[in-house]
Amino acid sequence: MHNDVKEILLSEEQIATRVQELGAAIAVDYKDQEVVLVGVLKGAVVFYADIARAIGEDMDVKLDFMSCSSYGDGTTSTGVVRILKDLDRSVEGKHVLVVEDIVDTGTTLHYLLDNLKARGAKSVRLVALLNKPERRKMPVHVDYVGFEVPDYFVVGYGLDYAEKYRQLKYIGILKEEVYQA
Ligand SMILES: O=P(O)(O)OC[C@H]1O[C@H](OP(=O)(O)OP(=O)(O)O)[C@H](O)[C@@H]1O
Ligand code: HPA
Ligand SMILES: [Mg+2]
């Protein structure tokens, strides 16, 4: 385990099992439909790669990405969402499934889901690996949730603190002294 991690919250095995379950549920709901998977860079990349393959072969899936940033290098949302990179293709008339690592205050997803609906998508749904409802400031409907997590700052499996720890295979609770120092 990484020295900056206090405790493993979700192991590699727990994540893998849950990702397969989510993929199976999504595959049933979208069977034979064309769907654009919108990954929210950078936190979602690891989950995105796994969920895209867990969905299976019966959906016509297109991959696209957006980059939004609201945390900068800290552990609290700035409250302002910036689009740093937009989608490559229009989603007008398309089914969109947004793939996210975590819904925390809800600031990012509240903004992003509204933004995608306003582009005329046929439907917009959200799959998030983690949901941290205790910290919610803006309402967000999460269609597919991997795990509900308590109010700890977590890292790994794509999630960072100051751009570090994204490559950890598990999700761990970051030691307070790492960000309070
Ligand atoms: O619900 P919220 O409070 O808005 O927090 C969730 C968002 O914050 C993180 O992204 P961040 O802005 O840190 O960018 P990153 O994905 O590059 O880490 C995370 O990946 C979500 O996109
Ligand atoms: O707990 C978290 N960890 C990493 N990034 C985050 N972005 C929002 N909440 C978190
Ligand atoms: Mg981040």
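In what order do the strands of the open sheet of six strands lie? In this predicted model, the order is 4-3-2-5-6-7, and the pairing is mixed. Strand 4 and strand 7 (144-148) stand at the edges of this sheet and have a single partner strand each, so that one side of each is left without a neighbour in the sheet. From one strand to the next, the twist averages 30°. Within the sheet, strand 2 and strand 3 run parallel and are joined by eight bridges, and V40 stands opposite M66 of strand 3. Helix 1 (residues 12-29) packs on the sheet, where it touches strand 5, strand 6 and strand 7, and its direction makes about 160° with that of strand 7.

A further open sheet is formed by three strands in the order 1-9-8, with antiparallel pairing. Its edges are taken by strand 1 (5-10) and strand 8 (154-155), each of which has a single partner strand, so one side of each is left without a neighbour in the sheet. Strand 1 and strand 9 (residues 171-174) run antiparallel and are joined by four bridges, and the bridge partner of E7 in strand 9 is I173.

Taken over the whole chain, the secondary structure comes to four helices and nine strands, which follow one another along the sequence in the pattern β-α-β-α-β-β-β-α-β-β-β-β-α. The radius of gyration is 16 Å, close to the 16 Å that the globule rule gives for 181 residues, so the chain is as compact as a globular protein of that length. The C-alpha trace spans about 50 × 35 × 25 Å along its principal axes, and 34% of the 181 residues count as buried. Among contacts between residues at least 6 apart in sequence, 68% join residues that are at least 24 apart.

Helix 3 (residues 107-117) contributes buried residues, namely T107, T108, L109, L112, L113 and L116. The elements that cover these residues include strand 2 (34-41), strand 3, strand 5 (95-103) and strand 6 (123-131).

Eight residues surround ligand 2, and the closest of them are I102, D104, F153, V154 and L159. By class, this shell holds six nonpolar and two charged residues, with no polar residue.

Several features of the backbone lie in loops. The peptide bond that joins L41 and K42 is cis, with an omega of about -5°, and K42 itself is placed in the loop between strand 2 and helix 2 (45-54). D32, in the loop between helix 1 and strand 2, has a phi near 65°, which is a positive value in a residue other than glycine. With 7 other C-beta atoms within 10 Å, D32 is exposed. A162 likewise is not a glycine and has a positive phi, of about 50°; its place is in the loop between strand 8 and strand 9. A162 counts as partly exposed, with 13 C-beta neighbours inside 10 Å.

The loop between strand 3 (60-69) and strand 4 (82-85) holds T78. This residue has 12 other C-beta atoms within 10 Å and is exposed, because a residue counts as exposed when 12 or fewer such atoms lie within that distance. T78 and L168 are 90 residues apart along the chain, and their C-alpha atoms are separated by 25 Å.

Terms used:
Residues numbered from 1 in each chain as written. Chains lettered and ligands numbered in written order. Predicted model: local features only at pLDDT ≥ 70, side-chain atom pairs only at ≥ 80, totals over all residues. Near = placed C-beta within 6 Å. Nonpolar A, V, L, I, M, F, W, Y, C, P; charged D, E, K, R; others polar. Helix = DSSP H or I, 4+ residues; strand = E, 2+ residues; numbered from the N terminus. Rg over C-alpha atoms; globule rule 2.2 N^0.38 Å. Buried ≥ 20, exposed ≤ 12 C-beta atoms within 10 Å, placed from the backbone. Contact = placed C-beta atoms within 7 Å. Pairing = 2+ DSSP bridges. Axes fitted to C-alpha atoms, helices over the stretch in contact; angles between N-to-C directions.
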